[in-house]
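Biologist: Could we go through this model together? I would like to begin with the annotation and then move on.

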Amino acid sequence: MDRFVYLDNSATTKVSERVFEAMVPYLTEHYGNPSSIYGIGREAHAAIDEAREKVAKAINAKSREIYFTGCGTESDNWAIKGAARHLAKKGKKHIITSVFEHHAVLHTCQSLEKEGFEVTYLTVDSEGYVSPSDVENAIREDTALVTIMYANNEIGTIQPIAEIGKICRDKKVLFHTDAVQAIGNVRIDVQAENIDMLSLSGHKIHAPKGVGALYVRQGVVIDNFMDGGAQENNKRGGTENLASIVGLGAAMEEAHNGLEEKAAKLTILRDKLIDNLLKIPHTRLNGGRENRLCTNVNISFEGIEGEGLLLLLDLNGIAGSSGSACTSGSLDPSHVLLAIGLEHGIAHGSLRLSLGRYNTEEDVDYALQVIPQVVERLRAMSPVWQEMKEQGLV
Ligand SMILES: *Cc1c(COP(=O)(O)O)cnc(C)c1O
């Protein structure tokens with residue numbers, strides 16, 4: 001089977017041609033240390049400044065508000081731990097987040113609980129949205145920080161970020177958002193949306209793995225996460241990942257320039273996938289249809305296991321992901337699917353397909369040809385499905 005259809009762009013993306021071409025000279029010719037004073041060092045420094053400018057522009061920030069990091073996970077850790085530890089000195093030791101954040105946020109919050117912070121984990125509704133009034137009601141005198149993701153990585157729901165930002169600004173509480181999935185798919189304006197800190201990652205937007213950025217609004221003080229040299233305005237030591245930072249700048253520019261056009265194209269492909277997969281009996285769409293990433297499809301198929309589905313899709317040249325065991329090696333279904341109220345059995349049989357810039361209608365048609373057959377085959381072999389049949393449930 002020669003055909004390969006990549007539908008896992010929320011896991012990672014291919015480095016774009018433009019990004020790759022922008023990077024190469026900084027690996028081969030202009031490889032200087034950005035802190036060095038001779039020519040190739042200064043060139044490297046200038047390239048980082050330019051990348052910082054591009055990242056800032058894409059989210060309507062100032063370039064001195066952008067800090068380069070090693071990944072989205074580091075950005076989340078730094079924003080949350082850095083703000084929490086700084087504000088703890090002023091007696092603020094309460095954090096608000098949601099139950100369905102990425103583990104980069106959830107595990108960071110859990111680690112802060114061990115340091116003595118108190119964390120409120122807001123529930124989400126059955127469609128997968130955080131309620132701004134829940135955020136407002138959870139804010140206390142000693143709240144240091146609210147951290148709510150911009151868009152969920154499993155079910156693609158886009159959160160009411162501007163509303164939450166407004167509430168936090170009015171209540172003088174810091175607001176951080178993990179925008180790793182939203183960047184490049186939703187037009188973001190940190191000023192209009194009252195965002196104080198925002199995390200993003202290169203490899204989700206066609207830059208390489210191992211580079212990210214954190215936006216920190218001017219005037220917001222957070223503790224350093226890594227100590228070392230004077231890089232990143234004395235806030236994050238370590239010789240800069242030059243070529244990847246250049247790549248991230250190019251990727252942000254590329255994502256920003258073609259955003260509406262790309263989103264319009266992907267929305268059509270997404271809806272074709274959703275509408276046709278829902279024609280398979282006993283399926284459900286996870287996450288609301290309104291305010292949903294143009295890239296995200298998440299469907300549960302009753303009576304089957306996501307693992308088996310992924311294996312058979314792989315045999316047919318289709319790469320997707322599932323809301324079950326694979327990430328942790330445990331048998332627990334996804335915390336996101338449980339958060340929106342799915343029963344364990346149904347959560348296990350779910351499939352996430354995530355579209356990207358390079359997907360075509362032929363890709364979608366091929367997936368729609370393969371998936372119904374695979375589901376039928378798995379159901380025919382599934383004891384759970386047989387049992388449901390005997391009970392007259394299906
Ligand atoms: C992928 C992802 C991250 C982690 O980013 P890395 O660069 O892989 O560390 C964090 N949050 C969300 C929502 C993600 O999708």
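Biologist: Which feature does UniProt place at K204?
Modeller: The unreviewed UniProt entry places "modified residue: N6-(pyridoxal phosphate)lysine" at K204. UniProt positions are given in the numbering used here, feature names are shortened, and annotations may be inferred rather than shown by experiment. This is a predicted model, in which local features need pLDDT of at least 70, side-chain atom pairs count only at pLDDT 80 or more, and totals for chains, interfaces and linings use all residues. Residues are numbered from 1 along each chain as its sequence is written, and side-chain values use heavy atoms, with hydrogens and water left out.

Biologist: Where is K204 placed?
Modeller: K204 is in the loop between β7 (197–201) and β8 (212–216). Strands (E, at least two residues) and helices (H or I, at least four) are DSSP runs, numbered from the N terminus.

Biologist: Why does K204 count as buried?
Modeller: Its relative accessibility is 17%, so K204 counts as buried. Buried means under 20% relative accessible area, exposed over 50%, and partly exposed in between, with a 1.4 Å probe and protein chains only.

Biologist: And the ligand: how many residues surround it?
Modeller: The ligand is surrounded by 13 residues, the closest being T73, D178, Q181, S201 and K204. A residue is near a molecule if one of its heavy atoms lies within 4 Å of it. The shell comprises 3 nonpolar, 7 polar and 3 charged residues. Helix α4 (residues 72–88) gives the most to this shell, with 3 residues.

Biologist: Which side chain has an N or O atom 2.8 Å from an oxygen atom of the ligand?
Modeller: That is H203. For T73, a polar side-chain atom lies 2.6 Å from a ligand oxygen atom, and for Q181 a side-chain N or O atom is 2.6 Å from an oxygen atom of the ligand. On its own the ligand has 390 Å² of accessible area, and the protein covers 90% of that. Accessible areas come from the Shrake-Rupley method with a 1.4 Å probe.

Biologist: Changing topic: why is β13 largely enclosed?
Modeller: Strand β13 (residues 350–354) has 5 of its 5 residues buried, so the rest of the structure largely encloses it. S350, R352 and S354 point one way from β13, while L351 and L353 point the other way.

Biologist: Which strands pair with it?
Modeller: Strand β10 (residues 296–301) pairs with β13 in the antiparallel sense over 5 bridges, and strand β12 (residues 321–322) runs antiparallel to β13 with 2 bridges. Two strands pair if DSSP finds at least two bridges between them. In β13, S354 is the bridge partner of N296, and L351 is that of S322.

Methods. Polar contact = N/O pair within 3.5 Å; in protein donor to acceptor, adjacent residues only side chain to side chain. Nonpolar A, V, L, I, M, F, W, Y, C, P; charged D, E, K, R; others polar.
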